Amino acid sequence: MARVTIESLRKEYDTGSVVAVDDLSLEIDDGEFITVVGPSGCGKTTTLRMLAGLERPTAGTIQIGDDDVTNVHAKNRDVAMVFQNYALYPHKTVFENMEFGLRMSTEMVEDEREQRVVEAAEMMGIGDLLEDKPDELSGGQKQRVALGRAIVREPDLFLFDEPLSNLDASLRTEMRAEIQRIQNELGITAVYVTHDQEEAMTMGDRMVILNHGVLQQTGPPTEVYENPVNQFVAGFVGSPSMNFVDVDVRRDGDRIQLLGPDGRFQFDLSATYADQHAASLTADRYTLGIRPENVSVASGAADNTIEGTVEVVEPVGSDNYLHIDIAPEFIARVESTVSPEPGEQVRLTFSESDLHLFDSETGADVF
Ligand code: ATP
């Protein structure tokens, strides 16, 4: 069983002046596929390296299965890591590269090693490349070898450090599916670091979002997307990013209105919403969040509309991104049939249920 338990994990560098990972606690189920995302420098690679045993934690513990491995050397952990740069031995053949880890870490007899390598190579579709050297292979083939090398070890835990970032877009899509297929087939627990949030959303059973070494949120991609716990997660997950607009709160009896900057709009909360959230809306100013795909252009009469001027129309296949001057980087994602001219005035609407409101000071989600 390879359930992974991380408790209060901390990593400092440079005698404590850099805190790369700060009090991280996380349970990963046996067979679960976890994706770890966050901006550059947020501690993704450091976390992975601690799981691999390549970096010693400053504090905290790591348990794999029933074993506390916090102080166990990398070569004695049942963990396989796949890197962005493939990390293949240039002078060894594909077969030798894949077999090498088995020679190093087990007492396995030659026949069994060979059988494992051949099976893993078949699984990765590189059975006919076993005698080739890495420099004869394409990037995609090299990554298949690196994956094959991880598979032959039959590890308890797969660790991936941005394995697809050197591949072109179409190959990346193909390899994503391949990695998921293999992880599914083998049922191995996997932790997959990426800075590509789309990759994290499509591949992970669960996403882990880090910022400045601190865990922000963990949950299935849809849940994180729909219910971000704070403005950072809301802005990081989803593409294009969620729109943010500063709003003032005006209360008039039981009525609650959200007022946009410079009186640009007023949004009346329904009686149910106002009633539900009145107690938590204690401040005068909040940050309103609305996803580009939840904004539409009003045709005819509609309540709660926002007037804005179209600055740029960006066609992206079946949709247009309308950049509107309501806030810096305010985008409405609409069908390509909705194609106003730059400079045109439009009225935008969105549904109350798609609104998010964040505390302007702390960024915490209010609703
Ligand atoms: P990226 O997406 O850019 O790879 P990351 O999220 O993987 O970033 P880490 O590489 O884990 O982030 O780095 C986290 C922090 O720790 C950063 O501030 C980084 O500069 C620092 N750091 C990482 N390794 C070391 C090291 N060996 N010595 C000193 N500081 C380090």
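Residues are numbered from 1 along each chain as its sequence is written.

**View 1. The whole protein chain and its confidence scores.**
The protein chain has 9 helices and 20 strands, where helices (H or I, at least four residues) and strands (E, at least two) are DSSP runs numbered from the N terminus. Taken along the principal axes, its C-alpha atoms fill a box of roughly 80 × 45 × 35 Å. Of the 367 residues in the protein chain, 36% are buried; a residue is called buried if 20 or more other C-beta atoms, placed from the backbone, lie within 10 Å of its own, exposed if 12 or fewer do, and partly exposed in between. The average pLDDT of the protein chain is 92, with 99% of the residues scoring at least 70, and the model has an ipTM of 0.98 and a pTM of 0.91. Where pLDDT is low, the predicted coordinates should not be read in detail.

**View 2. The shell of residues around the ligand.**
The ligand is surrounded by 13 residues, of which the closest are Tyr13, Ala20, Ser40, Thr45 and Thr46; a residue is counted here if its C-beta atom, placed from the backbone, lies within 6 Å of the molecule. Two or more residues of this shell come from each of strand S2 (18-28) and helix H1 (44-52), and H1 gives the most, with 3 residues. Sorted by class, the shell holds 4 nonpolar, 7 polar and 2 charged residues, with Ala, Val, Leu, Ile, Met, Phe, Trp, Tyr, Cys and Pro taken as nonpolar, Asp, Glu, Lys and Arg as charged, and the others, Gly among them, as polar.

**View 3. Helix H1 and the glycine that follows.**
Helix H1 is mostly covered, since 7 of its 9 residues are buried. These buried residues are Lys44, Thr46, Thr47, Leu48, Arg49, Met50 and Leu51. After H1 comes Gly53, which has a positive phi, near 90°.

The buried residues of H3 are Arg116, Val117, Ala120 and Ala121. They lie on the same side of H3 because they cover an arc of only 130° around the axis, the arc being that of the directions from the helix axis to the C-beta atoms. The exposed residues Asp111, Glu112 and Glu122 are carried by the face of H3 turned away from its buried side. H3 is followed by Gly125, whose phi is positive, near 70°.

**View 5**
Strand S1 (residues 4-13) and strand S4 (residues 59-64) run antiparallel and are joined by 5 bridges, two strands being paired if DSSP finds at least two bridges between them. In this pair, Arg10 stands opposite Ala59 in S4. S4 is also joined by 2 bridges to strand S5 (residues 67-68), again antiparallel, and there Gln63 stands opposite Asp68 in S5. S4 and S5 form a hairpin with 2 residues between them, and Gly65 in the turn has a positive phi of about 60°.

**View 4. Strand S14 and its partners S11 and S20.**
Strand S11 (residues 243-252) runs antiparallel to strand S14 (residues 285-290), with 6 bridges joining them, and Asp248 stands opposite Arg285 in S14. S14 is joined by 4 bridges to strand S20 (residues 356-359), which is likewise antiparallel to S14, and Thr287 stands opposite Phe358 in S20.

**View 5. An open sheet of 5 strands.**
This open sheet has the order S15-S19-S16-S17-S18, with antiparallel pairing. Its edge strands are S15 (296-297) and S18 (330-335), each of which pairs on one side only. Within the sheet, strand S16 (residues 306-316) and strand S19 (residues 345-349) are joined by 4 bridges and run antiparallel, with Glu307 opposite Arg347 in S19.

Note on methods:
This is a predicted model: local features need pLDDT of at least 70, side-chain atom pairs count only at pLDDT 80 or more; totals for chains, interfaces and linings use all residues. pLDDT is the predictor's confidence in each residue, from 0 to 100.
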